[in-house]
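Colleague: I am new to this one. Can we go through it together, one question at a time?

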Amino acid sequence: MSAPASDRLDAIVIGAGFAGIYMLHKLRNELGLRVLAFEKADGVGGTWYWNKYPGACSDVDGIVYRYSFDRELLRELMPESRYVPQAQTLALLNEVVDRNNLRGDIRFGTGVVGLTFDEDRNEWTVRTDDGAEYVSCYVVGALGPLSERNFPEIEGRESFAGRLVHTGAWPDDLDITGKRVGVIGTGSTGTQFICAAAPVAGHLTVFQRSPQYVVPAGNGPLGADYLAQVRDGYDAIWEQVYESRVGCGFQESDVPAMSVSAAERTRVFEQAWQAGSGFRFMFGTFGDIAFDPDANEAAAAFIRAKIAATVRDPETARLLTPTGYYAKRPICNDGYYDAYNRDNVKLVSVKENPIQRITPAGVVTADGVEHQLDVLVFATGFDAIEGSYDRIDVRGSGGRTLREHWSEAPTTYLGVATNGFPNLFMVFGPNSVFCNLPPGIESQVEWISDLIAAAEQRGAARVETTVAAEDGWTQTCRGIAEASLFAKVDSWIFGANIPGKKPRTLFYFGGLGTYRRTLRESAAADFDGFVFGGREVPAAV
């Protein structure tokens, strides 16, 4: 039985991080729709609410790791340092919520567990974990690409007598000062944690699954003169971001690495190493590091030489040195390799010395050693992109579930919609653009808002992407990915961190600027790739 019209909503937003906050603002404040957002946490922030681990920080320059839509807020609340710590990003998001009066339409502590589409009424029934049901025309998933935590299956995990935590759910009361700490994982989060934990832990044992190419971050305070220049030049800064490939606020290179001499390559790499930033090192030095094996090897060899020159113990340096392509998500941290020169830091390569089991006292490795610990930290990442949707029972046309639709691989059109699920949109769904998240999120939120506005203006009861559009975009994303070196390594950006999952394309690697042009072209062509229906639909004016 359908809910009374007075109880029905125009739209429901799932999540209140960067994407959900802006989506609620666009739909409620700008389109004038009746909207509710549901957030399973007790506050806004998404990633920046949950990830409170020591060292948690953006690794994209803070002047562009934020919203661009509110120019007044941009100029009022400037970052104090190049990279913004977790607490400051969370404070910024709370400020956006309050200055746009959004908090009253967010239901905190409420998770969405089910979505069912009614084909006769062209509306969604949304079920929450407190047993309530809501009916809405549109649903927008703003679940976050990195929100479903991944715990690898290790024997005895539940037996550990100390504190066992995931970096994606760091408890407020946990202080690691002076404690024996173990950390599993050395990705972007793991390396941040290691750099923060090494100076304060009594002892830190790093269980490394794969060695990483890590460049310096170049973090530090931002001077008043620099911030004044940023305030005056924000329009040009954002124009450059939105026309670039990765949207990180620096000038990307188009120079092929092999087109210059070896000495010039070394000079460029050294300059980038001193400046800091993982994305800048990969995309700002030369234009083909992610695609040309020779260019990639030049960058990788430079970083390997830095490891050898930094880490004093030869065996530790060997274990820390990657041998494959430099083609995972770029990582940067100040002092990462230096941390292994400390007497209180021990490196264990679990490829050479696997973890056998977890005991009440710690972790036992294949060599028979029991590494005694007070705290065991899983910096083991997330079931990226699709994992957030797998936890919700989503049933579209004909009762077909989203899990069934994505059984071979998750697919969408433009990263925002999938056929068979009308009026359901996703912010950073599968095959969204690989870039700095806030400008990518803004691009999608604004486009979804325009699509919903178009449906409302023409009186359409439903809007849905076509099979042809979804299949075409999937092939485009796969083609670009397979032409890159990213596809040649095991990485979470292809789902390789989740046991049992086949490698799959999860991102569009064609660049933010090109992606935004694709969005504009679709909108200009009457939202090509979508069909409107359900009521009499007048021709577009």
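Colleague: Are Phe486 and Phe509 buried or exposed?

Modeller: First, a caution: this is a predicted model, where local features need pLDDT of at least 70, side-chain atom pairs count only at pLDDT 80 or more, and totals for chains, interfaces and linings use all residues. Residues are numbered from 1 along each chain as its sequence is written, and side-chain values use heavy atoms, with hydrogens and water left out. Buried means under 20% relative accessible area, exposed over 50%, partly exposed in between (1.4 Å probe, protein chains only). By that rule, Phe486 and Phe509 are both buried.

Colleague: How do the rings of Phe486 and Phe509 pair?

Modeller: Rings of Phe, Tyr and Trp (its six-membered ring) pair if their centres lie within 6.5 Å; planes under 30 degrees apart count as stacked, over 60 as edge-to-face and the rest as tilted. Here the centres are 5.1 Å apart and the planes stand at 15 degrees, so the Phe486 and Phe509 pair is stacked.
The pair links distant parts of the chain, 23 residues apart: Phe486 is in the loop between helix H15 (467-483) and strand E21 (507-508), Phe509 in the loop between E21 and helix H16 (512-524). Helices (H or I, at least four residues) and strands (E, at least two) are DSSP runs, numbered from the N terminus. The answer on geometry, again: stacked.

Colleague: What is the strand order of the open sheet of five strands?

Modeller: Two strands pair if DSSP finds at least two bridges between them. E7 and strand E16 (residues 375-378) run parallel and are joined by four bridges, with Leu164 partnered by Leu376 in E16. E7 and strand E12 (345-349) each have a single partner strand, so they stand at the edges. With parallel pairing, the order is E7-E16-E8-E9-E12.

Colleague: Which strands does H5 touch?

Modeller: Contact means heavy atoms within 4.5 Å. H5 packs on the sheet, and its direction makes about 165 degrees with that of E9. Axes are lines fitted to C-alpha atoms, for helices over the stretch in contact, and angles run from 0 to 180 degrees between N-to-C directions. The strands touched are E8, strand E9 (203-208) and E16.

Colleague: Which residue lies over the face of Tyr242?

Modeller: A charge sits over a ring if NZ of Lys or CZ of Arg is within 6 Å of the ring centre and within 35 degrees of the ring normal. Over the face of Trp50, Arg149 lies at 5.6 Å from the ring centre. Over Tyr242, at 3.9 Å from the ring centre, lies Arg516.
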